[in-house]
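Let's take a walk through a protein model together. Keep the picture open as you read, and look up each residue when we get to it.

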Amino acid sequence: MDTDGFWDLVESSATGGPGCERADRLTTHLAGLPLSEVLEFQLRLDEARAPLDTAGTLALARLVLRGWVSDDGLWYFHAWLIGLGRDAHRLAVHDPDALADHPALRRLAALPYEQWDDDDFPDWELLDYCAQEAYEQLTGEEDGLEEALEAVGHDSPCNAEFTEPTWTSEQTAARLPRLTALFADAT
């Protein structure tokens, strides 16, 4: 599976509803592919995550989530950004402040935090399990995907681990001025 195929699957999974349903659709689709494609999907997912593992993405997550973000929360926020599609991912990596125009972020900024339901939270934890579950459906091996990745010399990360210093609120405001303004009045 090449990069285009990865993004096509991620984006097409958005049709029909959020959350568990979306992950189930993606898992079902992956389970209909050859094992090598399931493995490639996981490799492409890890490649898509890598450039999001930055202090800038953490600053973005803090704005959207109204403050502190846990390690798991940041990891699932990465998956949510990927779930927004290729164009949003490109912006998150290269011009995150331009995400101020994205409908998903505008909607979250306008929706009081206290009114968010499970489908509103900017996370997609279940994306992490789609390839693993598809691989298990195809092989019956619970840890089969992990072993197949290790066999090709790949160790999938399981949390965010950037080494650069985190941004202060002043640095965030300077580097992400539109997003800072968008979420300034969010409660």
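Two residues are in contact when they have heavy atoms within 4.5 Å of each other. Leaving aside neighbours within four places in sequence, phenylalanine 183 is in contact with Leu63, Val64, Arg66, Leu105, Leu108 and Ala109.

Some ground rules before we go on. What you're looking at is a predicted model, where local features need pLDDT of at least 70 and side-chain atom pairs count only at pLDDT 80 or more, while totals for chains, interfaces and linings use all residues. Residues are numbered from 1 along each chain as its sequence is written, and side-chain values use heavy atoms, with hydrogens and water left out.

Now for the inside. A residue is called buried under 20% relative accessible area, exposed over 50%, and partly exposed in between (1.4 Å probe, protein chains only). A nonpolar core is a set of buried Ala, Val, Leu, Ile, Met, Phe, Trp, Tyr and Cys residues joined through side-chain atoms within 4.5 Å. The largest one here has 59 residues, and Phe6, Leu30, Phe41, Ile82 and Phe183 have the most contacts inside it. The largest share of this core, eight residues, comes from helix H5 (residues 71–83). Helices are DSSP runs (H or I, at least four residues), numbered from the N terminus.

Next, the rings. Rings of Phe, Tyr and Trp (its six-membered ring) pair if their centres lie within 6.5 Å; planes under 30 degrees apart count as stacked, over 60 as edge-to-face and the rest as tilted. That rule gives six aromatic pairs. In one of them, phenylalanine 6 and phenylalanine 41 have ring centres 5.0 Å apart and planes at 45°, so this pair is tilted. Phenylalanine 6 sits in helix H1 (residues 3–12) and phenylalanine 41 in helix H3 (residues 35–49), 35 residues apart, so to speak a link between distant parts of the chain. Both phenylalanine 6 and phenylalanine 41 are buried. For tryptophan 116 and phenylalanine 121, the centres are 5.0 Å apart and the planes at 85°, so that pair is edge-to-face. Tryptophan 116 is buried at 8% relative accessible area, whereas phenylalanine 121 is partly exposed at 27%.

What about charges? Side chains of opposite charge can pair when their charged atoms come close. A salt bridge is a side-chain nitrogen of Lys or Arg within 4 Å of a carboxyl oxygen of Asp or Glu. The whole structure has six salt bridges. One joins arginine 86 and aspartate 4 (2.8 Å, N to O). Arginine 86 lies in helix H6 (residues 86–94) and aspartate 4 in helix H1, so the pair ties together parts 82 residues apart in sequence. Another salt bridge links arginine 44 with glutamate 47, also at 2.8 Å between the closest N and O atoms. These two both lie in helix H3, three residues apart, about one turn of the helix. Glu40, Arg44 and Glu47 are linked in a network of salt bridges.
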